[in-house]
Structure formats: C-alpha cells, structure tokens
Amino acid sequence: MLSQTEIDGFAAPDAAPEAVIEARDLQLVFETSDGPVQALKDINLTIEKGEFVSFIGPSGCGKTTFLRAVAGLEKPTGGTLTVNGMTPDEARRARAYGYVFQAAGLYPWRSIARNVRLPLEIMGYSKADQESRVKKVLQLVDLEGFERKYPWQLSGGMQQRASIARALAFDAEILLMDEPFGALDEIVRDHLNEQLLALWARTEKTIGFVTHSIPEAVYLSTKIVVMSPRPGRITDVIPNTLPKERPLDIRDTPEFLEIAHRVREGLRAGHAYD
Amino acid sequence: MILAFGAILFWVLAWWANIRLANSTLADTRFGMAAVPILFGVTLLVLWEGLVRGLSVPGVILPPPSMIAARFAASTSILWADFRQTFIKGALSGYVIGVGAAFAMAIAVDRYEFLRRGLLPVGSFIAALPVIGTAPILVMWFGFDWQSKAAVVVVMVFFPVLVNTVQGLTSAERIQRDLMTTYAAGYWQTLWKLRLPSALPFIFNGLKIATTLALIGAIVAEFFGSPIVGMGFRISTSVGQLALDMVWAEIAVAALAGSAFYGLVALAERLLTFWHPSQRRQKT
Amino acid sequence: MRQSILPVLTVVLIILGIWYLAAAWMNATWTLQQAERAEQTLTTVEVLQDTMQQDRPKLPAPHQVAVELWETTAEKKITSKRSLVYHGWITLSATLLGFAIGTGLGILLAVGIVHNRAMDMSVMPWAIASQTIPILAIAPMIIVVLNSVGVTGLLPKAFISAYLSFFPVVVGMVKGLRSPAPMQLDLMRTYSASQSQVFWNLRLPASVPFLFTSLKVGIAASLVGAIVGELPTGAVAGLGARLLAGSYYGQTIQIWSALIAAAVLAASLVGIVSLLERLTLHKMGMRT
C-alpha cells in the first residue's frame, strides 16, 4: 500500500534518544479470591521515541498487564512508570496513546466511518477535521469504500484494520497493540504485519506490541522483550539488528532465524525457571 | 347439522391444503409464510361459525363470529369511546410515565454499584409478583377515572423496564468499555455513545413486556371500579347482561390494540437495534 | 450471591422507609380532619402516632399489614373463612391445576409443532401473536360462561390459569426443542437415528433449560390468572376475592395483606420452580 521509496525515506531519529515509556522496579499484584498474584515483578524497561517494541512470552507472563498498566487501565502496586514523563493516568487524560485490543471491539451500531470517528467526537475535533481524518486513516489501512458498512458485515481482518484506523485517527504519538492479530489466520496476519511496518515507517509512532508469535515479534520490532510467568518478569531484552526495510521473505534469512532462535532460547530459559 | 358438517369438511380440506403448502416449494416464500397461518385462522373462524350455528349453541354461551362482527360494526362509537378511555387515556399515559420513570431511575441507580447490586434482585423479584393486585388500592387512591388506571399501568410496567434497563447498561463488553477509558471519555460521553446504545436490545425487551402488561393493567383495573365507559367496564357489565357478542367485540378491539401497540414497539426495535445479531436479516 | 445480601437489604430498608413516610404523609390528612372536627389541636408526634394506627388508613403502615398477616394466618384456624391460608389455598389449587393443564398441553403442542411443518407454519405465528393480546380480559367471560353450562368451582379459574401458562410454554418449548446445533443433529443422522431417538436423546434434553425458563413465566402468569379469575363472580373465597371484598368495604389493611400473601405465594412458586430447575440441570450435568 506504500511505495518502496516512501519507506526508504524514513530514517531513525538522529537526535538524542528520548525515553517515551519508562518503567523502574515496576510491581503489580492482583488480589484474587485465591490470594495475591504477582502479575509484574521488578520490571525495568525504557522505550525510546520511534521504537517498535514487541513483548513476547507465554500466557500469564504479564505482557498484556504491562501494556494495560502503560495505558492506565491497571494500577501498578509499586515502582514507577512514566509515559511522556507523566503518570500513565495523566498520559491517558492527555490522550497520549492509541490502543488496539485483542478483538476489534468496534461498536456494531456505528458504521466503519463512524467507529473511526468515535475518538474524534469524544476528543472534540471539529466536524471538518473529523471528516478529513477519517478519510485519511481509512486510506492508510486500505479500507476506502467501506465507510458505510457495519462492522459485522466485514471480515475479521478488515475489522481489526478498522480498529487500527480508529487508534490512528487522533494525534497520539504512542500506539499500544495487544495481540491485535492473534485471532486472525496466518495469511491475513502476514499481510497486516507488512502493512503495519509500512504504517510505522510513515507515521514515526512509538509502538508497544504484545504477541505470542516469535516470527511476528522478530519481523516487526526494533526491540524484543521476552517475558516469563509466575511472577511476570522480563527475562531478556533482544535488540533487533535486521534492517529497517523488511520484505516478508526476510523471514527466511539466517540473520532472522538467528534472532528468532535467541528469542526461543529466552522463552525456554524463562520456563526452566519453574 | 349440515352447517356443522360443512365446517368440518372445510377444516379437513383447509388442513390438507396447508399440509400441501407447507411441504411445497412455496413454503419458504413470503406468500407461503403468510398464506398458511391466514388459512389456519380462517379455518378456525369457519369451524367456529359452522359448529355454533350447526349445533345451535346459544349466544349466551358462544356467539358465532358473524354475530360478533355485526355487533362490532353496529357499536363502533361505543367501542371507540371505550378504546379512548382505556387504551389512550389509561394504558398509554401510564406506559409513558412508567417507562420514563423506570428509565430515569435506572440511570440514577446505575452510577452506584452498591444500589444496582441491591436493586436488580429486588426489582426482578417484584417484576415476577402479581402486581396487578395493587389495582384496588390505586383505584381507591386515584379515583374511578383513567388516572387510577394509568397508575396501575405505571406500577406494572415500571419494574420490568427498570430491571432490563439496569441490566442493559452493564452489557457493554469489557474491550468496548476499556476503549472509552483509553480515550479519557467522560461519564456522559460513555453513557451516550456506548452504554445506552448497547443497552437498547435489553431496553426493548423490557418495553415489549411492558406493552402487553399496560393493556392488561388498564382493563383489569376497571374491574375494580370505573366510570361508565372503558373496555374493562364494558366487558364486566356485558358479561353481567349476558351480551357476549359485545364482550367478544371488546376482546377483538383489545387484541387489535394489543398487537398493533406491540408491533409498533417491535418496529422501533428493528429500526434502532438493526445491528444486534437477533435483528440482522442475513449475513452480507 | 453473598456479595449482594447487604445491597439487597439496604434496598429493602429504603423501600420500607419510603413506605412509612408515605403512610404518614397520606394518612395525616384524615387525622387532621378528625382533629379539626373534634376541635383539637394535635402535636406532630400525636399526628404521626395516629397515622400509624388508623383502622382504615389510606396506606397502612408495614407493621399494621404484618400484624394483620400474622392474625389471619397463624392465629386463625386454616378452615376459617377469615384465614388467609384458607383463601391462599383456594387460589393456589386453581393455580396449580391450571398450570399443570396448561404446561401439559403446551408441551404436547410444541412437540407437534417441531415435528410437523404444516402445524408449525399454521399455529406458531398465532401462538406468538397471542402473547401480545391482553388475554386476561376474557377471564370474566370464561367464568360466567362456564358457570352457565354448569362448570363451577375450581375448574373455571384453573381454565384461565391454564390459558395464561399455555402460550409461554409452547413458545419456550419450541425454541428449546429446536436448540440443538445443526452439527449435533448431523451427528444423529450419521448414526441413522430414528425421529423418536433424536427426540428422546437430543431434542428433549436440550429443551430442558428453555422449558424451565418458560415454566417460571408460566407459573407466575397462572397465579395472576387465578386471582383475576376470582374477581368477576363475586367469589367468596380466594385471594382475588379478598382483594375485591377489601376494595368494596374500604378495608385497606385486608387488601394489603392479601396482596402480600399473593406476593409470597408467587415468590415461593417461582422459587420452587427455580429450585427444581437447578436440581434437574445439576443432575443432567448442564450446570454446576
């Protein structure tokens, strides 16, 4: 959907790296009927502007919880967590991020265009601005012509694209994505991964991306955070040395496989722990 | 006797026709869907007419449909007056007030988790009670005219609508609610853009229950005292005079009014909750 | 469940509180009129006291109703005409008889509808439409007509009860018998199971949860039917008769106690059906 030259035009931010999300000794304990559960333990992590950071690990490792804590949807019980230098709650009020959930979560009573317009209405954008932004982001995710359709008339992949458009519609520098393609089949997923990379290159957003697929994590990110459960913690942070420009078949190169191998090792080490 | 046999013959023939229709390719067409039940309804009427006339059943036990139709045609002005008194003044105004009050209450209660948890079981409990029994009390309080009938209707429709609305307001999915949180949306924004729309199917469920209850409430309340007009009044006095044709004519009015009212609410539901799985015509 | 006890109690207390306030407010007019006629002036406390103990209050206070309930249930012989247990039993027996008839016929019709397409297409639209019609309006006529052909006593009322519980059961049961998924029906077909085997092994068990849902609606409707059935005949016994007599003679306390008795009856009937539902479903392994 984007030409190659546009992707080439993208360059890493050359100014001094600027921390967008910063966690120091972050703790999060859930009180359940079976007693407290340590969902996050001693999380230390810095995500810089323009990075694409994947969180990978088995279920229960706290990757989703961490993302929700960044979004202010969960309250940490210890340590510090800042988003753009603010607390997550302040960042939420400042509408600092767009969030894409596991399911599209579109409102079935709104057409696709009106779903994308929802955050703009809430945030008080002008009518004309709403119109042009909806048009722009629907173009970005390849959904032109579906404005008047209702979510339940579209395929799962298209619904998820609409929900991404909805998260992009307003000017948030950060995009938080919680297994957005988890429920889709492999073929659709590949396609969306490619589109997401192009979109990231074009918008220069900072992206936090939760997944349980190793190839997806390696293919997309600049940094892979490997997590492990009971208690949820970070076991490894792997910088991705692959070039910015990534055609789908980069997944067959030795370099790709090497990084994937390291991620797998990290996941295994986490498991050997318990 | 010949009439009775004729009616039975008609019934056999119509039933045979219906079986043919239902098992033919016509069954899934609009024509078939309408023709079969209509033929069945007509058969019942013919059977009723033929048997009552053929066996000369006295009119004080069961008048034939033709006699009821004649009575209906001859007394349209009385029936209209009764309809106005009972349906428009009693049932409809009570319905509007009751639904409005339940709605306001639901939105007020909804802000307090504690109250909601208490009100939901109590409300469902009261909704299952024979609330119609409050009719004599309300007739005493509000007098014989339509105001007391409206009051009965208010009490009857209040709880089903309240319970359904309160339940509906919590029906939005977690992701949909979290989404609103990530937008830092205010209470009213969330209510208006998410929780009310997602409550609509529940609200309509309550409204549909309430339409049936409203007419029942208004009619039965008249059994406990009314001015000399009204459907319930006419039914009870005509029963006393053994003028059963008049009773049946009133029942026909009640049936028409009841299904028309229900149909209107169902139509509004179709328009406003077209997106709900139960309302989608087909997958496109 | 345990979490909601406190909120439920609170709501009940709020309702009782509103009831007391309303009683004081509504009965005060009469108290003040009486005082004026007797040329007395009453203090607020005296007025409040009087509003709680009038003989024919506009709205009896909860404790007055409670006392009346106690006197007419525990302290009267159950055969006495003044015993609420006696009246309750009259209504209950009509309810149960009618409920049994209505449910039985309803299930039979539902089975017929599911197995016969002509019946389905002919009857189902009418069964659904009939739920929107105020059937209760014909109660007086049924009573009088049946009386005139010599059927009296319990049966006419039971007839109305049966009529009211019949349609919810038909509609619910048809839904239930149709609830097995196509895959489950296809499985039966791979076994080349007969119609009756499919019915007993798949359709009937699958319909049980739906049946109980309609039974709860049906039994509540049956009770309403029996009560309304007691209104027109100038009946002398039953909760409906108590309501009517109370309204003739302005015996508000009697009306309220009959009303509460009807509520208790309805709640216990629905409660028993719910209990049976839970036991049955548990036994069938459908819900724990």
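Student: How many residue pairs are in polar contact across the interface of chain C and chain B?

Tutor: In this predicted model, the rule finds 4 residue pairs in polar contact across the interface of chain C and chain B, counting pairs with both residues at pLDDT 80 or more.

Student: And which helices of chain C supply the side that touches chain B?

Tutor: At least two residues each come from α1 (5–37), α5 (117–130), α6 (139–148), α9 (195–229), α10 (239–249) and α11 (252–283) of chain C. The most is given by α1(C), with 9 residues. Sorted by class, the side of chain C that touches chain B has 40 nonpolar, 11 polar and 2 charged residues.

Student: How many salt bridges are there between chain C and chain B?

Tutor: The count between chain C and chain B is 0 salt bridges.

Student: OK, what area do chain C and chain B bury between them?

Tutor: Chain C and chain B bury about 4,300 Å² between them, and 84% of that is on carbon and sulfur atoms. Of the area that chain C buries against chain B, 14% is supplied by C:M121, C:T132 and C:M141, which is more than any other three residues supply. In residues, the contact takes 53 from chain C and 52 from chain B.

Student: Which chains share the most contacts overall?

Tutor: There are 2 pairs of chains in contact, and of these chains B and C share the most contacts. Chain A and chain C, by contrast, do not touch, and their nearest C-alpha atoms are 13 Å apart.

Student: Then what about chain B against chain A, how many residues are in contact there?

Tutor: On that side, 20 residues of chain B are in contact with 26 residues of chain A. The two chains bury about 2,300 Å² between them, with 65% of it on carbon and sulfur atoms. B:T182, B:Y183 and B:K193 supply 29% of the area that chain B buries against chain A, more than any other three residues.

Student: How many salt bridges across that one?

Tutor: Across the interface of chain B and chain A the rule finds 3 salt bridges. One salt bridge joins the side chains of B:R174 and A:E74, at 3.7 Å from N to O. Between chain B and chain A there are also 8 residue pairs in polar contact, both residues being at pLDDT 80 or more. Helices α8 (174–182) and α9 of chain B each supply at least two residues of the side of chain B that touches chain A, and α8(B) gives the most to that side, with 8 residues. By class, that side of chain B has 10 nonpolar, 6 polar and 4 charged residues.

Student: Switching topic, which residues have the most contacts inside the largest nonpolar core?

Tutor: That core has 131 residues, and those with the most contacts inside it are B:Y95, B:L162, B:L207, B:I219, B:V220, C:M141 and C:V228. Its largest share, 14 residues, comes from helix α9 (residues 187–222) of chain B. Apart from this core lies another of 96 residues, among them A:V20, A:F52, A:A162 and A:A260.

Student: What does C:M141 touch?

Tutor: Leaving aside residues up to four places away in sequence, C:M141 touches B:V239, B:L244, B:V247, B:W248 and B:I251.

Student: Where does α6(B) come in, and what covers its buried residues?

Tutor: In helix α6 (residues 135–142) of chain B, the residues B:A135, B:P136, B:I137, B:L138 and B:V139 are buried. What covers the buried residues of α6(B) includes α7 (146–169) and α9 of chain B, together with α10 and α11 of chain C. The helix is followed by B:G143, which has a positive phi near 85°.

Student: Back in chain A, is A:Q160 buried or exposed?

Tutor: A:Q160 is buried, with a relative accessible area of 3%, and its place is in helix α6 (residues 156–168) of chain A. Its side chain is joined to that of A:S163 by a polar contact of 2.5 Å. Beyond residues up to four places away in sequence, A:Q160 touches A:V100, A:F101, A:Q102, A:A103, A:A104, A:P180, A:F181 and A:L184.

Technical notes:
Residues are numbered from 1 along each chain as its sequence is written. Chains are lettered from A and ligands numbered from 1 in the order in which they are written. This is a predicted model: local features need pLDDT of at least 70, side-chain atom pairs count only at pLDDT 80 or more; totals for chains, interfaces and linings use all residues. Side-chain values use heavy atoms; hydrogens and water are left out. A nonpolar core is a set of buried Ala, Val, Leu, Ile, Met, Phe, Trp, Tyr and Cys residues joined through side-chain atoms within 4.5 Å. Buried means under 20% relative accessible area, exposed over 50%, partly exposed in between (1.4 Å probe, protein chains only). Helices (H or I, at least four residues) and strands (E, at least two) are DSSP runs, numbered from the N terminus. Contact means heavy atoms within 4.5 Å. Buried area is the accessible area (1.4 Å probe) that two parts lose on being put together, summed over both. A salt bridge is a side-chain nitrogen of Lys or Arg within 4 Å of a carboxyl oxygen of Asp or Glu. A polar contact is a pair of N or O atoms within 3.5 Å; within protein, one must be able to donate a hydrogen and the other to accept it, and residues adjacent in sequence count only if both atoms are side-chain atoms. Ala, Val, Leu, Ile, Met, Phe, Trp, Tyr, Cys and Pro count as nonpolar, Asp, Glu, Lys and Arg as charged, and the others, Gly among them, as polar.
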